[in-house]
Amino acid sequence: MTHIDPRRLPQILYIDRNDETRALVRRLLSHKYIILEATDPLDGLQLAEETHPNLILVDNNLPHITGSEATTRLRKMLPKTPIVIISADLAPGSRERALAAGAIGFIAKPIDADFEDQMDAYLNGKIEVLEDAEKHLLIYQQELVERLEGNTRQLTATVDKNKHLLQQNERMFSMLERRHKLLETAARVGQVVTSILDLDELLKYTVNIIRDEFELYYSGIFLVSDDEQWAILRAGYGEAGKKMMAQNYRLRVDEKSMIGNSILSQHARIALDAVGEESRFKNPFLPDTRSEMALPLVVKRRALGALTVQSKHLNAFTEEDITSLQAMADQVAVAINNAQLMLKLEDATSELVRTKTFEAIATATGEAIHWVGNKAAPIPGSVKRVREDLTYIFAIAAQFAPREANPQNEALIAAAQIIKEEAQEKGLDLEKALKEMSAMKLNQLRALVSVESLLEDLDIASNSAETILSIKEGLIGPARQRTDASVSLREMITDTVANMGLPEGVVEMEWADDLPNAFVDARQVEQVFNNLIKNGWEAMLNVTPDPKIYVHGRRDDNFVLVTIKDNGPGIPKNIQEKIWVSFFTTKGGSGGTGLGLSSVMQIVDQHGGSISLESEEGAGAMFSVRLPAAKQVES
Amino acid sequence: MTTVLLVDDERLILRSLEKTLLRAGFDVITASDCKSGSATFAQNASAVNIAVLDLNMPGFEGIPKTGAGLDLLGDLKKQSPALPVIILTAYDEVNKAKEAVSGGANAFFVKGREQGLVELIQKILQG
């Protein structure tokens with residue numbers, strides 16, 4: 001067996017896109033030739049350059065360029081290398097064209113049994129001769145030219161198309177860029193704007209930022225009047241804006257102006273050529289406007305007003321801009337609505353506070369008036385009785401007429417006369433009184449001229465007045481001046497509780513060992529604790545099954561802290577504010593003068609202490625009272 | 001002789017009202033809280049023609065109580081259903097007034113001019 005050195009086997013480069021044909025050729029030739037394959041003429045060209053094959057077999061049906069063209073190029077590249085074209089094209093002239101292109105051989109498909117022999121022959125130098133070579137060459141060249149021209153045309157068309165696409169892309173890109181910038185700016189504006197709750201600040205800020213960010217000539221905001229007939233300029237950029245607002249610049253809400261129109265229709269209005277635009281109101285303050293847009297500010301289908309943006313350039317705004325800017329205008333509308341709602345809320349709140357304050361004052365005043373009226377009630381009655389009694393007494397006194405006047409009784413006689421005369425002047429009917437008395441029984445008489453009764457009535461009147469005055473002084477008068485002293489709150493409160501006469505076991509007290517004395521006015525502070533404990537008790541009476549009042553006292557820094565806690569019904573939150581204002585609790589009786597919590601608070605405050613309440617409905621109430629501790633005396 | 005049972009815990013008011021009523025020709029029996037008011041009435045039931053009760057005073061438990069007068073009202077009405085009763089008060093308490101009337105009181109009087117009470121008593125006893 002001859003050993004064949006593969007390195008010395010001839011190489012055939014075979015360019016064919018068809019897998020089956022390549023497989024066939026491989027099968028037929030690979031026992032004696034090395035087959036290099038390429039499916040693409042361009043790859044083929046490269047491969048040919050690299051490997052310098054002994055022969056190149058080119059299929060005519062190739063992608064990108066024809067087999068003939070490939071052949072021509074290969075020929076140029078490797079002039080000495082034989083090229084054979086294999087083709088399925090049996091039309092006349094195809095063999096000639098192949099040869100004209102530079103092939104030295106032409107094999108027709110389908111590949112048959114001769115193939116190996118033919119290939120052998122070509123490798124051994126067989127060259128097929130082309131008759132009428134010139135003619136065919138010419139035809140081939142022409143074909144080539146036509147094809148080239150065709151290619152060129154195609155390429156030019158493609159380039160043109162690409163140029164056009166490129167332009168389109170650029171336009172779209174710049175449009176997107178612009179829209180992006182608009183949206184970005186709009187979003188930024190919207191974000192900041194919704195956080196400003198003060199209406200004036202919001203409007204001013206909005207016009208400024210819109211004008212700056214979009215580099216406009218002017219921007220302004222109109223808000224509709226309450227009757228919705230007018231759009232009033234509430235903010236405007238720069239000098240023009242200032243001047244217009246100073247003039248209360250306003251436009252009617254109708255079709256005549258862009259602003260009015262946009263509000264009515266709740267649609268943006270745009271004027272690209274402001275000079276010619278019909279529905280634009282020529283504004284002397286803004287002479288440079290060439291294009292303009294009005295964006296309605298709408299919240300929940302209600303137009304609050306409109307935003308105007310104006311540019312010095314023609315056609316500064318496009319329809320697309322409306323979308324971006326309207327989104328921003330919508331956010332501005334929400335912000336304005338919120339700011340307006342905030343104002344309404346503040347009004348309502350202060351209205352509510354005012355009402356509540358008046359209510360509280362009215363309650364307090366009412367109670368105060370009733371209390372005074374109650375205390376004063378006995379006075380007129382008592383005074384009337386005194387007046388009546390005096391008539392009778394004067395009647396008797398006026399009767400003093402001794403049988404003879406002497407130096408001792410001269411004065412008395414004169415006095416009796418004075419009484420008689422003045423009584424008459426004052427309209428007291430002494431005669432009538434005497435007559436009545438004459439007709440009376442002793443008992444009745446006794447009642448009429450009772451000195452005791454008369455003095456008692458004066459007492460009643462006096463005491464009633466005193467009570468009223470002492471309350472007044474206790475609250476606002478000189479008695480407010482305190483006589484502070486070191487007082488043991490423990491002793492004071494223990495006494496107070498004992499005097500209140502509460503059932504046993506209701507009050508439980510606990511005092512810290514190091515409880516300091518308090519430096520206070522004992523009388524006033526006694527009333528404080530009396531009041532607090534009594535309140536607690538009265539709230540629980542007949543309501544709480546096992547009523548308890550816990551009194552704890554301990555030191556708290558420089559204060560004495562006393563807490564009074566009950567397990568009663570507690571005080572609902574909505575009443576907790578009122579209790580401090582209510583003036584009086586009860587009218588009197590055995591518990592003291594009933595100062596009420598407002599006085600309690602005043603007393604504690606004036607001592608430099610504090611009082612607070614913790615309570616929840618159904619969970620009892622705890623008052624915490626802090627009073628200044630007395631300085632410990634070093635003994 | 002018309003006899004009035006007068007119950008009020010404020011000494012000055014009680015005494016002054018008593019004297020006004022006396023001078024107006026009434027006979028007056030007094031008490032200063034619910035317990036003694038009830039007992040006093042029980043002792044003089046046949047004589048008393050009308051009762052005038054303060055609203056706020058020590059109640060049957062012996063401790064000051066708001067609305068104690070209404071308790072006494074109930075008690076007296078139990079003892080003598082036909083007894084006319086006036087409730088006295090320092091404050092214009094509308095809901096207490098309603099309670100008083102539904103509890104059997106004939107009238108609710110806000111303390112002010114004492115003469116007004118005299119006229120009210122006369123009106124009730126006549127009517």
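Two strands count as paired here if DSSP finds at least two bridges between them. Keep in mind that this is a predicted model. By that pairing rule, β17(A) and strand β18 (residues 621-628) of chain A go together, joined by six bridges and running antiparallel. Within the pair, A:Ile611 sits opposite A:Val625 of β18(A).

Zoom out and you find an open sheet of five strands in chain A, ordered β13-β15-β16-β18-β17, with mixed pairing. Its edges are β13 (507-511) and β17 (610-615) of chain A; each has a single partner strand, so one side of each lacks a neighbour in the sheet. From one strand to the next, the twist averages 15°. Helix α17 (residues 522-540) of chain A lies across β15 (549-556), β16 (559-566) and β18 of that chain, at about 20° to β16(A).

In soluble globular proteins, nonpolar side chains tend to be buried together. The largest nonpolar core here has 49 residues, and A:Leu297, A:Ala306 and A:Val332 have the most contacts inside it. Helix α10 (residues 319-376) of chain A gives the most to this core, with seven residues. Leaving out residues up to four places away in sequence, A:Ala306 touches several residues, including A:Phe222, A:Ile259 and A:Leu297. A second, separate core has 37 residues, among them B:Leu55, B:Leu70, B:Leu88 and B:Ile121.

That brings us to chain B. It has five helices and seven strands, following the pattern β-α-β-α-β-β-β-α-β-α-β-α along the sequence. Of its 127 residues, 43% count as buried.

Note on methods
Residues are numbered from 1 along each chain as its sequence is written. Chains are lettered from A and ligands numbered from 1 in the order in which they are written. This is a predicted model: local features need pLDDT of at least 70, side-chain atom pairs count only at pLDDT 80 or more; totals for chains, interfaces and linings use all residues. Helices (H or I, at least four residues) and strands (E, at least two) are DSSP runs, numbered from the N terminus. A residue is buried if 20 or more other C-beta atoms lie within 10 Å of its own, exposed if 12 or fewer, and partly exposed in between; C-beta atoms are placed from the backbone. A nonpolar core is a set of buried Ala, Val, Leu, Ile, Met, Phe, Trp, Tyr and Cys residues joined through C-beta atoms within 7 Å. Two residues are in contact if their C-beta atoms, placed from the backbone, lie within 7 Å. Axes are lines fitted to C-alpha atoms, for helices over the stretch in contact, and angles run from 0 to 180 degrees between N-to-C directions.
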